[in-house]
Amino acid sequence: MSMAFYITTPIYYVNARPHLGHAYTTLVADAASRFQRMRGERVFFLTGTDEHGDKIVRAARKEGLSPREYVDRVSRLFRELWPELAIAPDRFIRTTDPGHQAVVARVLSRIHEAGDIYFSEYEGLYCFGCERFYTERELVEGRCPDHRVAPERIREANYFFRMSRYQDWLVDHIRRHPDFIRPERYRNEVLAFLREPLEDLCISRPRSRLDWGIPLPFDERYVTYVWFDALLNYVSALGWPEGELFAAFWPAARHLIAKDILKPHAIYWPCMLRAAGIPLFRHLHVHGYWKVEEGKMSKSLGNVVEPLALKDRYGLDAFRYFLLREMAFGVDASFSEEALVQRLNADLANDLGNLFSRVLTMAWKYMDGVVPAVDPETARQYGLGLGPEAVRTVLEYERAMEAFEFHRALAAVWEFVGRLNKAVDLSAPWELAKKKSTRPQLEAVLASLLKGMRLVAGLLHPVMPHTSARMQAQLGLEADPRFTNLEDMKLWQPFPAGTRLGKASALFPRVEPATAEPGPEAAAPGAAAAPETPTRKPEVGIEEFLKLDLRAATVLAAEPLPKAKKLLKLEIDCGERRTIVAGIAEHYRPEELVGRQVIVIANLKPAKLMGVVSQGMLLAAGGEAGPVLVAPVKPVPPGSALK
Ligand code: MSP
């Protein structure tokens, strides 16, 4: 049965250019929308810009423009950015749209008539940066928590929304709907806040102070407070109160925000809807913050990450993949270009890219690029038996995508990619291709692999739409409407025999980091030389760890290398005799090493150092005073594998 799916992003302030944070939220909404379309849902995805208020007036003045000219210009930057990032909203709303302004006026009149808006003189602590009054308990050491300046005491007659009246109702609603605010930590935060009495909300600003806003329909001397205006975009965009869109999508509404704007969305907005007689939205999805070098991204710190620059440097889909794979939804994440490059090289160029190029190359070499017909019996006997795992992958992916756990959904896909790569190694199609008698096996194996790749390519559509389309073309399936249909994927149908594959071409070229730290090769060879501060490296799957051939070894002989102060040449037994050059001469004497056990990486590419070929690397911990060799705590037979 098809359900509607309505997803919104915050409408962004136009006082700054779009940055990584805006791109992330909008990307999440795009990926979620594409995923729901894969399930056959009717989707409406809304984003836009928030254009009224004092902040905007001040930004315009700084640029020497009128507010109108200024908002047109910056709003366009947002609107034009999204297609560049393959983000495809169904509507881009602006709070200066006449339709939106009319809805704001209508809701205000309704609430006013119902008696929930009153006029009152108020004296309070006002932060001009935030455009709002603060209560004493909201301040941090007497200062605004955002702007870190002491608010000014001002006295003003204003209109107030009787929000306090909805407190008990709201607490009850949140308690009775555990998934109203997700993840749980933010729900708890809101409930904790609601333990204290809720105050009424000041919803007007005198025009003498601020003219750039929507006039109150019942008092022309005032304009509407920006938050009261902005939140209503979520219903005005659907044509509230009439309109087919409103009827179809509002019952399925999900708002997506970061934690910075939890309070207006979890408290003001439900109370406003209740007072206006509009049913509540379904879910509020809250994500964490992207930090740069462990700090907040901010214009004044000069560490704002420009989404377009990254996309241009590393490719659009790599950028999209990284953001969704790296951040655990709900928790803060650190952004670094090094981590992006790592993921690009490891996950995309290596795991995914190699799988496609290896299998497609073989399919061309051994089958002329045409998918063979494999009868069910042969498939059963010689195929790779991927079915149960494939279905498990789709189900876990679906669960995780539905729960906004994008990193988990992608991890599930990569586990399957790992399984396919392993299957290539184990089944060794190049061996099967040597004999005529193993032709049926070869065909069954390649057909199985292609089927697995079709699944991977389809599942990647929401996150990497361009790459997914390129893979679809490489698999010769352009015209197949089932390619991105989730229900079809669960059926694990055979790859249509006779399909003509497209040519293999590299999906992701490896990249060198722009600002890379010197890699391990730059350190003294043979062993980690300098003490390193442990930094958290990106998570790896067990299959990546298993690629390393780590073994215990016994040192048979050791001698200095002439002219190399830091290097020792060792002969070791790691199940076989090897020569290793290690950068430990300043810390170990040759004679103290002979007979000792060490740990080596036995499958490291050989490297020539001072004319000697080193066939591995010793493991050492980066101690204060230099490297300390790592050894088994009890002697073991040389060559014992580490696991
Ligand atoms: N105009 C209001 C929202 C009104 S919605 C009715 C506003 N605008 S904003 O331009 O400041 O955007 C805030 C939102 O941008 C966050 O909630 C989040 O979606 C996104 N992000 C801005 N910086 C971010 C990070 N550093 N990290 C992650 N997301 C961030 O508030």
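**Stop one: a strand and its partners**

Start by selecting R551 and V600: R551 stands opposite V600, which belongs to β20. Keep in mind as you click around that this is a predicted model.

Now widen the selection to the two strands. β17, residues 550-561, pairs with β20 in the antiparallel sense, over five bridges.

How many of its five residues are buried? Five of the five are, so to speak, tucked under cover: the strand is mostly covered. Colour by side and you get Q597, I599 and I601 on one face, V598 and V600 on the other, all buried, with both faces covered.

**Stop two: the ligand**

Jump to the ligand and show the 23 residues around it; I11, T25, D50, D260 and W290 come nearest. Draw some distances. From a backbone N or O atom of I11 to a ligand nitrogen is 2.8 Å. A polar side-chain atom of T25 sits 2.7 Å from a ligand oxygen, and a side-chain N or O atom of D50 is 2.7 Å from a ligand nitrogen.

Finally, colour the shell by type: 13 nonpolar residues, eight polar and two charged. Which element gives the largest share? That is β1, with four residues. Helices α1 (20-38), α7 (226-231) and α8 (233-236) each supply at least two.

Technical notes: Residues are numbered from 1 along each chain as its sequence is written. This is a predicted model: local features need pLDDT of at least 70, side-chain atom pairs count only at pLDDT 80 or more; totals for chains, interfaces and linings use all residues. Side-chain values use heavy atoms; hydrogens and water are left out. A residue is near a molecule or strand if one of its heavy atoms lies within 4 Å of it. A polar contact is a pair of N or O atoms within 3.5 Å; within protein, one must be able to donate a hydrogen and the other to accept it, and residues adjacent in sequence count only if both atoms are side-chain atoms. Ala, Val, Leu, Ile, Met, Phe, Trp, Tyr, Cys and Pro count as nonpolar, Asp, Glu, Lys and Arg as charged, and the others, Gly among them, as polar. Buried means under 20% relative accessible area, exposed over 50%, partly exposed in between (1.4 Å probe, protein chains only). Two strands pair if DSSP finds at least two bridges between them.
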